[in-house]
Each structure stands twice: as C-alpha cells, then as structure tokens.
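Please look over the sequence and the model before reading on.

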Amino acid sequence: MVSLRRDWSVRTRMTLLSSVVMTVLCAIFSGTILGSAHDHATDDQGDRILAADLRAVRYIVLEQIPPVLPDLGVPAIQVVDPAGRVVASNERMVGQPRMASFSLPGENLRADRVVCSVPGFPGKCMIVEAIKIHKDGTEYTVYGADAIIPWYVDRSFLARLLIGSVLLVGATAIGAYRTVSKTLDPVDAISAELAEITSTDLGRRVPVPEHHDEIRKLAEAANRTLDRLEAAVEQQRRFATDASHDLRSPITAMRAQVEEALLHPDEADWPAMTRALLASLDRLEAIVIDLLVLARLDAGAKRADDRVNLSQLIESELGRRALRVRIVTNLQPGVVLGGDRLQLGRLLTNLMDNAARHATSSVAVSVRREGDEAVLEVNDDGPGIPADQREFVFQRFTRLDPARSKDKGGTGLGLAIAREIAERHGGTLTIEDSERGALFVLKIPIGAEGDD
C-alpha cells in the first residue's frame, strides 16, 4: 500500500487529500447539525407531552375526570391517584397498568424520564413527562409519554444531509483535480520539453508560464541550467576538437619522421630522428599532463587548505627551475594565505613558463599585500598582448599570432589552468596594462577558504 501511494500522481494525492478533508468537514458539520436538530426535536417533544399533561390537569381542576380521556395529542397519558391507581387514561392505555412509577421528589412539580418498558409499547423507549397537581387535599400525578427522538431525527432529513455531503465532496474532488491539473499543466509542458531535449538540440528551452509563481521560477531555473549546459557542452566540444588537433600534430610529425627513416634506413640520421621524437614525446606528455590537471579541476576535486607563504613559495619554485631569462624579484615577506600549496605552485610555474617563453631578456616577479588580498605580478619584456585578446589567451588551446603562439613550447593550456586555480581559491587572474610586455596580475583574498 505504501509503494502504491508513492506511485500516485500529485493530482491524485491532492484530489484525495482535499476529498478526505472535505469528508471530515462534512461529517463534523453534519454531526453538529444532527446534534442540534436532535436537541431541538427532543425539547419540542417534551413541550408537546407537557402540554398534553396540562390539558389532563384541567379535567382534574374542573373535577370532571372521565375514565377515558379524549385524544390529547400524545400516544399515552394516565392520571394516577395517591394510592397508585390509574383513575383516567387515554383510549390506548385503558386497562394498562401505570406507565411509570417514579415520583416527584420534594416540592418538584415536574419531572421526566426515559422509560423503555411502557405498557402497550413493547420494545420501545419513550419520554415520560410527569407533573404533580393538588386538588382538595388529594395529590394526583399525570404521566404523558411519547416516543423518543432517534439520533438521525428524521430519515428524510438524514438523507438530505448525506446527499448534500456527497455532492459537496464530489464537487470538491472535481474542483481540486481540475485546479491541480491546470496548475500542473506548465510542469507537464516543461517535463515534455526536457524529455525531448538531447545533446544535439541544446538550444531549445522550456516554456515559461505567464504567471509570476513558483512554476515560473522553476522554468526560468531550468532554462538557466540549459544555458549553462549548452555552454559547457559547447566548451567540451571545442576542447575535444582542439585537444585532438594538438595531440594529432606531434603524432603525425613523429609518424612522418619514422616512415621517412624506414624508407631510407641507410641514409637516415637515427640519432637526430631520436632526438626529434623525444621532443615530440615531451610535448605529448606535457599536453596529457595539462589535460589531466584540467580534468581534475573541472571535476571539482577537493583541494588542500594549507597556510602558504606566497613569497617563500615563489623563491622555492624559482630556486629549482632553470630559466633562459633573468628573473627580477620584489617579494614582500609575510604574505600568507589559505590554499592548496601544490595548486598554487602549479599556477606560479605556468605563469613563469609563459613569461619566460615570450620574454626578450627578463621577467619581473613581485608579491605584496593590498588590504585583504595577496597580489602577485609577473611581467615579461616581450611583445605583449593586445587588449582585445587578453581574455582570449585564457581559453583552452588558444592560438594567437606567431609572436605569442604556443608553438614555442607551450601546450595552450597553461594559462587556462592558472585561471582555474585562481578562481578555485576565490581570486582572479587578469592581464593589465604595462609599459612593456605582458603583465599578469593574480589577486587572492588573504583569508579565502576557497572551494572544498
């Protein structure tokens, strides 16, 4: 049953819930009405019996008590003297013993009881009203009785309540189903559209409802997600195309060299060809390593949260690397931030390798603290990067003009990796204006916790 309820649609669950609630409300309302109607009917019944008793009292007062009383409006009525003898009764109670034996205590002149053993009415419970009257020193008790009011008061009244309740519950169920269906129609449209969207038609978007409600927010969120998905898929497509091209180029070169050497084995310079193959293999290895780094960054791999002294890290990295250009440093001590030491080291290495490849003679490296940020600047004295291409160089497998192309040894992924690492540490990596060459500026919050 539980698994069945889980399979019910929202329409079914909401319709059932509203129907149950309305059924409970109708039951409470009907019960209240029946209780009130029963109380009123019982009071009216008691007043009618009392009126009949008073009419019988009139005969006593006038000293005209007939043995058989006329019809006084109730099924049973008796007049009982102090000795307990029935001195008068209506026609139906003639010859019957007294219908009740309860007396009126103290000075009470009226009392009522429910009696289920009234003579002449076997198997029925009746309301018995008794009043006490004194005449010429004689005390008489008049008993009048009528059937009790059933809990449902009247069959037709109960039937009207049941029919009304059923109609109201039915109308509520229909109304709830239609309302929920109308409300969920946009959701069905969104679901249908999402089901038809595939990787080949990510340009499609789900319909946005006119009303500014939660479903509209859902549709807008779905469309924003599709926007991001389309951008990510397009980026992956471009990345796969560029990666295949950059991997294919050194492989093609190596294949051509090997095939040429095999065609003329006696004329081939095998040591030179081996050195060329090793250079191509080094380039392939560098590309594969950078691809793996990007894959880990894209997957959101958890990073370490070390306390990194940026100036010491730069000195350490520069101390174990031999670059062909002169390095000029201006490192402010005590610039410590939270981050992944290995990733920040990779970022610095990529910036330094890029600057060294394009520098004419020297690279300037500086570290300082500005407010709550650590600032790293790497400035080469090469040809520089035009302002309209400064963001373009951070894209993967970027190709600029030959003056700053990756054909000088880069993989086309180093700057993309550097920016990814900077952003994972809550910072930015940009290219700013400089008097000469390209000036890369890294800014990372000192207390940044970054992404886990």
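Is R11 buried or exposed? The model is a predicted one, and in it R11 has a relative accessible area of 17%. The cut-off for buried is under 20%, so R11 counts as buried. R11 lies in helix α2. Its side chain makes a polar contact of 3.0 Å with the side chain of S181.

**Helices α2 and α3**

Two packed helices are described by the angle between their axes and the distance between the axes. Helix α2 covers residues 10-61 and helix α3 covers residues 155-196. Their axes come within 8 Å and cross at roughly 155°. Angles over 145 degrees count as roughly antiparallel, and α2 and α3 are therefore roughly antiparallel to each other. The crossing of the two helices is right-handed. In the contact of α2 with α3, 17 residues are nonpolar, eight are polar and three are charged.

**Two further residues**

A88 sits in strand β3, which runs over residues 86-90. With a relative accessibility of 1%, A88 is buried. Along the chain, A88 and V142 are 54 residues apart, while their C-alpha atoms are separated by 9.3 Å.

V153 is placed in the loop between β6 (138-147) and α3. V153 is not a glycine, yet its phi is positive, at about 65°. Its relative accessibility is 23%, and V153 counts as partly exposed.

| Residue | Relative accessibility | Class |
|---|---|---|
| R11 | 17% | buried |
| A88 | 1% | buried |
| V153 | 23% | partly exposed |

**Helix α7**

How far apart are the end C-alpha atoms of helix α7? Helix α7 takes in residues 341-358, 18 residues in number. At 1.5 Å a residue, these should span 26 Å.

How many of the 18 residues of α7 are buried? The count is 13, and α7 is mostly covered. At the start of α7, D340 has a side-chain oxygen that reaches to within 3.0 Å of the backbone nitrogen of L342.

Technical notes:
Residues are numbered from 1 along each chain as its sequence is written. This is a predicted model: local features need pLDDT of at least 70, side-chain atom pairs count only at pLDDT 80 or more; totals for chains, interfaces and linings use all residues. Side-chain values use heavy atoms; hydrogens and water are left out. Axes are lines fitted to C-alpha atoms, for helices over the stretch in contact, and angles run from 0 to 180 degrees between N-to-C directions. Helices (H or I, at least four residues) and strands (E, at least two) are DSSP runs, numbered from the N terminus. Angles under 35 degrees count as roughly parallel, over 145 as roughly antiparallel, 65 to 115 as roughly perpendicular and the rest as oblique. A crossing is left-handed if the near helix is turned anticlockwise from the far one by less than a right angle, and right-handed if clockwise. Ala, Val, Leu, Ile, Met, Phe, Trp, Tyr, Cys and Pro count as nonpolar, Asp, Glu, Lys and Arg as charged, and the others, Gly among them, as polar. The expected span of a helix is 1.5 Å times one less than its number of residues. Buried means under 20% relative accessible area, exposed over 50%, partly exposed in between (1.4 Å probe, protein chains only). A polar contact is a pair of N or O atoms within 3.5 Å; within protein, one must be able to donate a hydrogen and the other to accept it, and residues adjacent in sequence count only if both atoms are side-chain atoms.
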